[in-house]
Amino acid sequence: MASLKDDSINFDKLENEVDEAMKAENLYWLQNDAKFRAVKQKGTYEEFKEIVAAAHLKPLAKNDKIQLEEKIVSPWNSLGSNSKSAVGTETKDSHSSDFTSPVSSQAFVLFWRKQKSHKDKASYLHKLLETGGPGAILTVFKNEIPFGLLGEFLISVSLEKEQFDSKILEMLLTTLAQTGRFNLSLSFLSSSEKDCLKEIVTYLEKLSVDSTALKELYDM
């Protein structure tokens, strides 16, 4: 019979994981509400992005004292920057042999933000499809792809497209188009992100892939 010592729980680690999950959950809903406010304002794409990115920020009170030189040691938008830890029970390093797919968009975003380069990000997407197939992405983004993330996918993949064989790359684009509220995500792509999409499709065509269906899905 195993002793309690053998089954000891690292409560500090567990607390950190729960805290990160709660932060991701709160940020998701704050940004979701911000999307609707931004759409009603009918501003430009850049204004829309700024509103959503700053969704978690609160106005300062008049008596708040800010000592910039002494206290600002990291980017002001800390929730939007790389998180120090991800939900360890849901994701592992993309290069790990025991790779585990995230079970929520919040967990995915936490891990995605930890990737330091486009190569690492593209590798993660490749591994996600390679190990879990389309279902791994459709499960995570069954409601929607978080704002701005579709564009980030396209940028990273276009820069590291040689990592993908034609089958995986075509599967990635096709699967993304089946996620929740995809047309909304597509409508907010910037011109440079659309150029990345065109570059990926052109690359597939060079690999003898019929791009007709993809062009219809992405309104090209």
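1. A word on conventions. This is a predicted model, in which local features need pLDDT of at least 70 and side-chain atom pairs count only at pLDDT 80 or more, while totals for chains, interfaces and linings use all residues. Residues are numbered from 1 along each chain as its sequence is written, and side-chain values use heavy atoms, leaving out hydrogens and water.

2. The overall fold. You will see eleven helices and zero strands in the chain (DSSP runs numbered from the N terminus, with H or I of at least four residues for helices and E of at least two for strands). Of its 220 residues, 40% count as buried (under 20% relative accessible area, with a 1.4 Å probe and protein chains only).

3. A residue worth a look. Ser156 sits in helix H7, residues 149-159, and is buried, with a relative accessible area of 1%. Which side chain makes a polar contact with the side chain of Ser156? That of His118, at 2.9 Å (a pair of N or O atoms within 3.5 Å; within protein, one must be able to donate a hydrogen and the other to accept it, and residues adjacent in sequence count only if both atoms are side-chain atoms). Leaving aside residues up to four places away in sequence, Ser156 touches Trp112, His118, Lys121 and Ala122.

Technical notes:
Buried < 20%, exposed > 50% of the residue type's maximum accessible area, 1.4 Å probe, protein only. Contact = heavy atoms within 4.5 Å.
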